[in-house]
Structure formats: structure tokens, C-alpha cells
Amino acid sequence: MRATSTNGVPMPEAKRILVITGGHRVAMDDFLGAIGAICEERGWVFAHAIQPAAQQWLSPEHAGQWDAILLHDIAGLALKRGVAPQPIAPAPHVAEDLVALLDAGQGVVVLHHAISSWPAWEGWAEAIGGRFHYAPGTLRGVDLPSSGYRNGSFTVTVTAPDHPICAGITDFAVDDELYFAPVLTDRITPILGHDADMSGELFQDTFDEVSHGASTGVTCAGRPADGGLHGGSSLMGWTTTAGHSPIATLLMGDGPGTFANEMFRRLLGNALDWVSSDEAKAEATAHPFAIPLP
């Protein structure tokens, strides 16, 4: 039953947000504190689930239970220091459940390292608009080296001021982790950029065959910084459609400084609001995308 205000007018039901983490370390208190603050300000509620158990929520039987799902996890990848990252293909029922959930119109926000999920499933990169490779891999039939990363200060820039996710957002500075990784520019609608130097020599490879992930100074030098499959990108956020679902991907979100940033919190809240909106779902239904199964 809906709650009513003092004048008897039905109040909107609180949006329900499912936050999924796991597979990668995160400053959990700071992160969940930011989610709690966003939800308190907007009158929403949230629940937190951790991988691998959280995967059970990503199935069609739960379609409609959550207004939006926030992915801040890495699924389908075994990470252990000193050992080569190991991509893990989803079991057939796991991939089928995810596709069916998105076919049902479940809004999803992909945050920061969640772009690394399911590297052995090409269709997942198509669904979210890109992929960070912890180890060399294949995308769209092209053999690619591992992606690169670096930490630094930069300005997040608004490139689509009329988009609902950018409502009330102005350019803002963060100290965060940047990715030198493929973005599928033909699959996405850009909404955010950044002003960081994307010269490949500034970025360290995530993995190399000799060090198994140790810091050896191996860089992405020689790779183009033009947003292609081999290069980096000046994009920091975009939207796309997977199945019949609206998807928003935000690449910042590495640590406490960003989590505490009021503009970041507003941006993330806007993204969760947008993917759960009737307008975004109608647009996704009008332009569906069939996610290829493994």
C-alpha cells in the first residue's frame, strides 16, 4: 500500500536500489556511506549484496524488484596478487539469466571497475559499452593487450548538459583512477568527458607475462589515445541499451575522495534515477539491443 501525505495525496513509493560489490577491493564504509547519503537525500532505500552470492539477484525472476541495480563489482575474473588474472566464462544459466533480466527492462548503472566484468564474454562488453582488460584478451575478434591505469587529478566535464543524468552537474575535479581501455564508441551515447592526459606512456599495463601483475614500469606507450580498441578515451561516462534496459556507465569511482565528492554523489544519484525512469525504459524498448550469449 502506498503511503499518503497529510492531505491524502498518495506519495511516490521509495525507489529500491540494489548495490552489488565483490571481486575487487573497495573502501566499503566510504562507498556505502555515499550510497546511504544519496538514498537518504532522495527518499530511497538500498540493499547491498556481495559477489558471488549476489549473482542470484541478476535473474529474470527478480525483474521489477529493484528500480535500479548499481554494479561496483568484478564478475567473471579471478584476481590474486602475483598470479595471472584468470577470466572465467559465465555458466550458461548465469549468462542466460542476465540477458533475460535485461530483456525485461532492468535499469543498471555500471561504476568504475565494474567495466572489467566478464572478460570471457564478448556480449557483456557490448552490453555496457566497453571493457577494461586485466589480462590480454579478445574483443570484436581483435587480440588486445592488457589495459592500463594510472591515478591522478583531472576534471570531469559535462558533454551532454541536457541529459537527465547531467541535471545540476557542472564540471568538477576529482583525484581518481583513469583507465586506458577500449570503449565501443559505436554502441554508446557520451554524456561525460575528462581533461586528463591520455598519453599511453603515462599508463601502466595491468598485467604482463613476466611480472604477473607486479609493478615493473611496463606502459601503454605506442598505443593511440583516440578511443579505439587499442587505445584510451577522453570519455568518462555514457549511456547505452542492453536488451530492453537502459544502462549508464560512469568510469570514476575509485576511492573515498570521489565517494565524498558532492557532485559525484549527485551524478550517481541522477544515473540511478534515470535508469529507473519510465522515459529511459521506453527509449530502451524502442531501440533494443540483442546481447550475444557466450
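Me: Which residue follows H1, and near what value is its phi?

Reply: Start with the labels: helices (H or I, at least four residues) and strands (E, at least two) are DSSP runs, numbered from the N terminus. Gly43 follows H1, and its phi is positive, near 75°. H2 is followed by Gly105, again with a positive phi, near 95°. This is a predicted model: local features need pLDDT of at least 70, side-chain atom pairs count only at pLDDT 80 or more, and totals for chains, interfaces and linings use all residues. Residues are numbered from 1 along each chain as its sequence is written, and side-chain values use heavy atoms, with hydrogens and water left out.

Me: What span should helix H1 have, and how far apart are its end C-alpha atoms?

Reply: The expected span is 1.5 Å times one less than the number of residues. H1 covers residues 28-42, 15 residues, and should span 21 Å. Its end C-alpha atoms are 21 Å apart, which agrees. H2 (residues 92-103) has twelve residues and reaches 16 Å from first to last C-alpha, close to the 16 Å expected.

Me: Which residues of H1 are buried?

Reply: In H1 the buried residues are Phe31, Ala34, Ile35, Ile38 and Cys39. They line one face of the helix, because they fall within an arc of 130° seen down the axis. The arc is taken from the directions from the helix axis to the C-beta atoms. The face turned away from the buried side carries the exposed residues Asp29, Glu40 and Glu41.

Me: What do the buried residues of H1 pack against?

Reply: Look for contacts, meaning heavy atoms within 4.5 Å. The partners are strands E1 (16-22), E2 (45-50), E3 (68-73) and E6 (108-111), plus helices H4 (256-260) and H5 (262-275).

Me: Which residues of H2 are buried?

Reply: Val94, Ala95, Leu98, Val99, Leu101 and Leu102. They cover an arc of only 160° around the axis, which puts them on the same side of H2. Exposed Pro92 and His93 are on the face turned away from that side. The cover over the buried residues includes E3, E6, H3, strand E13 (235-242) and strand E14 (245-250).

Me: How many disulfides are there?

Reply: Count pairs of cysteine sulfur atoms within 2.5 Å. The count here is zero. Take Cys39: its closest cysteine sulfur, in Cys166, is 20 Å away, too far for a bond. Cys39 is buried at 3% relative accessible area. Cys220 is buried too, at 0%.

Me: How many aromatic pairs does the rule count?

Reply: Rings of Phe, Tyr and Trp (its six-membered ring) pair if their centres lie within 6.5 Å; planes under 30 degrees apart are stacked, over 60 edge-to-face, the rest tilted. The count is seven. One of them is the tilted pair Phe180 and Phe203, 5.2 Å centre to centre with 50° between the planes. Phe180 lies in strand E10 (residues 172-180) and Phe203 in the loop between strand E11 (189-194) and strand E12 (204-205), so the pair ties together parts 23 residues apart in sequence. Phe180 is buried at 1%, and Phe203 at 0%. Phe259 and Phe264 are also tilted, with centres 6.4 Å apart and planes at 45°. Both are buried. Phe31, Phe259 and Phe264 form one aromatic cluster.

Me: Where does the charged end of Arg187 sit?

Reply: A charge sits over a ring if NZ of Lys or CZ of Arg is within 6 Å of the ring centre and within 35 degrees of the ring normal. Arg187 has its charged end over the ring of Phe289, 3.6 Å from the centre.

Me: Which residues does a cis peptide bond join?

Reply: Most residues other than glycine have a negative phi, and most peptide bonds are trans. The cis bond joins Gln51 and Pro52, with omega about 5°. Pro52 is in the loop between E2 and E3.

Me: Is His112 buried or exposed?

Reply: Buried, at 0% relative accessibility. His112 is not a glycine, yet its phi is positive, about 50°. His112 is in the loop between E6 and helix H3 (122-128). Arg140, also not a glycine, has a positive phi of about 55°. Arg140 lies in the loop between strand E7 (137-139) and strand E8 (142-144). At 32%, Arg140 is partly exposed.

Terms used: Buried means under 20% relative accessible area, exposed over 50%, partly exposed in between (1.4 Å probe, protein chains only).
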